[in-house]
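Open the model in your viewer and keep the selection tool handy. We will go from stop to stop, picking residues and looking at what surrounds them.

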Amino acid sequence: KDAAQEIRDVLHKNGAKHIMAYFDENSPDSERWSLGHAVTQGHYAYLLEKVLSEPWFGLVLKPKTPSSLPKRLGPVADLLERAEATGRCYMFKEGGIQGWHPPSAAAQAADVAVNGHIWACTAALESALSGVPTLLVDLENWKVEPLYSLGVGRVVFESWDDLWQACVEHWSNPDAIPGFGDWSPSINDLDPFRDGRAAERMGTYVQW
């Protein structure tokens with residue numbers, strides 16, 4: 001939390017009044033196996049253009065594989081450089097393939113966190129467990145995901161425009177959207193403990 005607060009302070013100093021964290025789900029070179037780089041580029045382009053057009057908006061990025069992001073972004077990498085130059089866009093870059101920092105590090109630096117896909121959202125779960133309102137974007141229409149029960153327009157959004165509008169409404173009036181980013185109806189099914197003793201349980205199991 002202390003490190004996250006330092007990031008928040010820098011973004012606020014440079015004019016950010018509201019801060020979003022974003023988690024991507026990586027993308028392969030071949031679209032045969034999963035969603036390709038074009039999808040990644042679309043997600044990043046939308047948010048980076050918001051940084052450049054809205055002087056009150058701050059963005060914290062936690063790529064799943066930060067080392068490959070410039071390559072995956074292609075022409076959108078220029079937008080990233082310009083957004084970072086504003087002082088209102090921070091990206092976790094350190095570490096090997098997956099990076100050193102957990103998703104909660106980015107979530108704690110933000111007012112709201114967003115996961116770029118609903119079909120792979122462990123980063124979003126960690127964010128929600130850390131107490132940050134967490135939203136899911138589902139551009140792939142993955143309606144079989146049980147997290148849809150948290151509510152379209154509250155936690156799940158089927159377009160970036162809908163998600164952005166909801167965030168703006170929430171930042172203007174925190175009571176405008178009941179249940180905004182709230183995972184509490186499902187959180188007990190996902191993690192019934194939440195007591196800080198996970199390492200003890202894992203260590204005990206390994207010992208057994």
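Select Cys-167 to begin: this cysteine is buried, at a relative accessible area of 0%. Buried here means under 20% relative accessible area, exposed means over 50%, and partly exposed is in between (1.4 Å probe, protein chains only). The closest cysteine sulfur to that of Cys-167 belongs to Cys-89 and lies 16 Å away, too far for a bond. You are looking at a predicted model, in which local features need pLDDT of at least 70 and side-chain atom pairs count only at pLDDT 80 or more, while totals for chains, interfaces and linings use all residues. Residues are numbered from 1 along each chain as its sequence is written, and side-chain values use heavy atoms, with hydrogens and water left out.

How many disulfides does the structure hold? The count is zero, a disulfide being a pair of cysteine sulfur atoms within 2.5 Å. For Cys-121, the nearest cysteine sulfur is that of Cys-167, 17 Å away. Cys-121 is buried too, at 14% relative accessibility.

**Into the interior**

Next, pick Ser-127, which sits in helix α6 (residues 122-129). Helices (H or I, at least four residues) and strands (E, at least two) are DSSP runs, numbered from the N terminus. Is Ser-127 buried or exposed? Its relative accessible area is 0%, so Ser-127 is buried. Show its surroundings and, leaving aside neighbours within four places in sequence, you will find it in contact with Phe-23, Ala-107, Ala-113, Val-132 and Thr-134. Contact means heavy atoms within 4.5 Å.

Staying inside, select Met-20, Leu-48, Leu-59, Leu-61 and Leu-163. Of the 33 residues in the largest nonpolar core, these five touch the most other members. A nonpolar core is a set of buried Ala, Val, Leu, Ile, Met, Phe, Trp, Tyr and Cys residues joined through side-chain atoms within 4.5 Å. Centre on Leu-48 and you can trace what it touches: not counting residues up to four places away in sequence, these are Leu-59, Leu-61, Val-76, Leu-79, Leu-80, Ala-83 and Cys-89. Apart from this core lies another, of 17 residues, including Ile-7, Phe-92, Ala-105 and Ala-123.

**Charged pairs**

Side chains of opposite charge can pair when their charged atoms come close. A salt bridge here is a side-chain nitrogen of Lys or Arg within 4 Å of a carboxyl oxygen of Asp or Glu, and by this rule the count comes to seven.

Start with Arg-72 and Asp-24, whose closest N and O atoms are 3.4 Å apart. This pair links distant parts of the chain: Arg-72 is in helix α3 (residues 69-73), and Asp-24, 48 residues apart from it, is in the loop between β1 (18-23) and α2 (37-53). Arg-72 is buried at 2% relative accessibility, and Asp-24 is buried with a relative accessible area of 6%.

Move on to Asp-78 and Arg-82, a salt bridge with its closest N and O atoms 3.9 Å apart. Because they are four residues apart in helix α4 (residues 77-85), about one helical turn separates the two. Asp-78 is partly exposed at 42%, as is Arg-82 at 44% relative accessibility.

Then select Glu-84 and Lys-93, whose side chains meet in a salt bridge of 3.1 Å, N to O. Glu-84 is partly exposed with a relative accessible area of 24%, and Lys-93 is partly exposed at 44%.

**Out to the surface**

Select Trp-119, Trp-142 and Val-144, which make a nonpolar surface patch of about 320 Å². Such patches are made of residues with over 30% relative accessible area and no salt bridge: like charges are joined within 9 Å, nonpolar side chains (Val, Leu, Ile, Met, Phe, Trp, Tyr) within 5 Å. Accessible areas come from the Shrake-Rupley method with a 1.4 Å probe; for residues, only the protein chains shown count as cover.

Trp-142 is in the loop between β5 (134-137) and β6 (156-157) and is partly exposed, at 41% relative accessibility. Val-144 lies in the loop between β5 and β6 and counts as exposed at 64%.

For a last stop, pick Asn-141, in the loop between β5 and β6. Its phi is near 60 degrees, a positive value in a residue other than glycine. Asn-141 is partly exposed, at 49% relative accessibility.
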